[in-house]
Amino acid sequence: MPHEHEHLHHEHGHGHGADTGSLRTALALIVVFLAVEIVAGLLASSLALLSDAAHMLSDAAALAVSLFAARLAARPASGSMTYGLGRAEILSAQANGLTMLVLGLLIVYGAIAHLASPPAVDGRVVLGVALAGIGVNLAAARVLHGGGAEQRSLNVEGSYRHILTDLYGFIATAISAGVIIATGFRRADAIASLLIAALMLHASAGLLRASMRVMMEAAPAGLDPERIGNTLAQQPVVTEVHDLHVWEVTSGFPALSAHVIVAAGQDCHEVRRGLSRLLEDQFGLAHSTLQVEHARAAQTPLQIETPAHEPASGA
């Protein structure tokens with residue numbers, strides 16, 4: 001029986017050139033401010049500033065890893081790497097998530113110690129650096145924002161979440177500095193650190209969950225395999241759909257494979273082309289592999305005739 005396979009070659013991905021440019025700009029902003037913040041945090045004895053500095057250090061590392069991963073992902077497929085190195089971006093996103101998880105837990109530990117024995121904190125220095133940090137992180141977040149979450153790779157999304165979490169952390173640090181200046185309540189600095197840690201842990205959980213879905217080849221968010229299968233099966237010439245798989249090669253690159261049975265006498269080539277267009281137009285699945293076969297033609301019941309037995313002759 002004939003069966004057809006189709007791989008629709010197309011430009012998948014999200015513009016690696018744009019990714020590397022935005023990541024490079026954001027990295028330069030973060031590295032310059034990181035040095036300033038470490039010095040200021042040590043001079044002001046502020047755990048909140050040093051927590052922010054630790055997070056910014058993880059931001060810089062995350063951006064550097066993301067930049068390297070984006071360059072790897074831009075390489076064309078070759079040799080045994082038939083999909084290219086696109087999943088380097090997913091590994092980068094996982095590294096970003098794990099980094100935020102570890103730093104968040106370390107900050108929680110330090111904040112608890114400072115709640116028990118709060119050091120003297122120079123609120124004016126903390127406030128000045130925090131306000132500057134808000135400006136730097138706003139600029140970096142704007143660079144990485146692009147066209148929105150749906151247009152960012154998971155790699156850039158990981159760096160964006162790092163920056164966004166740091167922005168919220170600087171806002172919390174600025175508020176704590178204001179409280180210290182106004183009331184002298186030194187534990188505000190440690191409380192702000194706990195808020196920063198909570199934001200980091202929340203962002204880490206989301207990033208690890210999203211990257212793990214890709215690594216485990218789960219269906220991409222927003223694509224329901226059951227709905228896709230039912231849509232294919234409801235086409236007039238289709239009699240059966242099975243072995244349906246939907247997964248994500250890397251962020252922005254969903255793929256599908258399925259075995260489709262069509263009515264006897266149908267043109268398998270034309271059916272395959274029609275179903276591929278349907279998948280791309282209705283579900284955005286531009287990369288599909290469809291094996292199309294004819295259903296068995298109706299068979300007449302098998303009849304077996306046995307020869308009539310002759311009567312036995314008399315003795």
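Biologist: Among contacts in the protein with a separation of 6 or more, what percentage joins residues 24 or more positions apart?

Modeller: In this predicted model, residues 24 or more positions apart account for 76% of those contacts. The elements, read along the sequence, follow the pattern α-α-α-α-α-α-α-β-β-α-β, that is, 8 helices and 3 strands. Of the 315 residues, 46% count as buried.

Biologist: Where is confidence lowest and where is it highest?

Modeller: The average pLDDT is 80, and 85% of the residues score at least 70. The mean is lowest in helix 2 (residues 47–73), at 75, and highest in helix 7, at 94. Over residues 1–15 the pLDDT stays under 50, although the model has 43 contacts beyond four places in sequence for them.

Biologist: Which residues of helix 8 are buried?

Modeller: Buried means under 20% relative accessible area. In helix 8 this holds for Cys268, Val271, Arg272, Leu275, Ser276, Leu278, Leu279 and Phe283. Their arc around the axis is only 160°, which means that they sit on the same side of helix 8. These buried residues pack against helix 7 (225–233), strand 1 (238–250), strand 2 (253–262) and strand 3 (288–294).

Biologist: Which residue caps the N-terminal end of helix 8, and which residue follows the helix?

Modeller: The cap is Asp267, with a side-chain oxygen 3.0 Å from the backbone nitrogen of His269. Gly284 follows helix 8, and its phi is positive, near 70°.

Definitions and conventions:
Residues numbered from 1 in each chain as written. Heavy atoms only, no water. Buried < 20%, exposed > 50% of the residue type's maximum accessible area, 1.4 Å probe, protein only. Helix = DSSP H or I, 4+ residues; strand = E, 2+ residues; numbered from the N terminus. Arc of directions from axis to C-beta. Contact = heavy atoms within 4.5 Å. Polar contact = N/O pair within 3.5 Å; in protein donor to acceptor, adjacent residues only side chain to side chain. pLDDT = per-residue confidence, 0-100.
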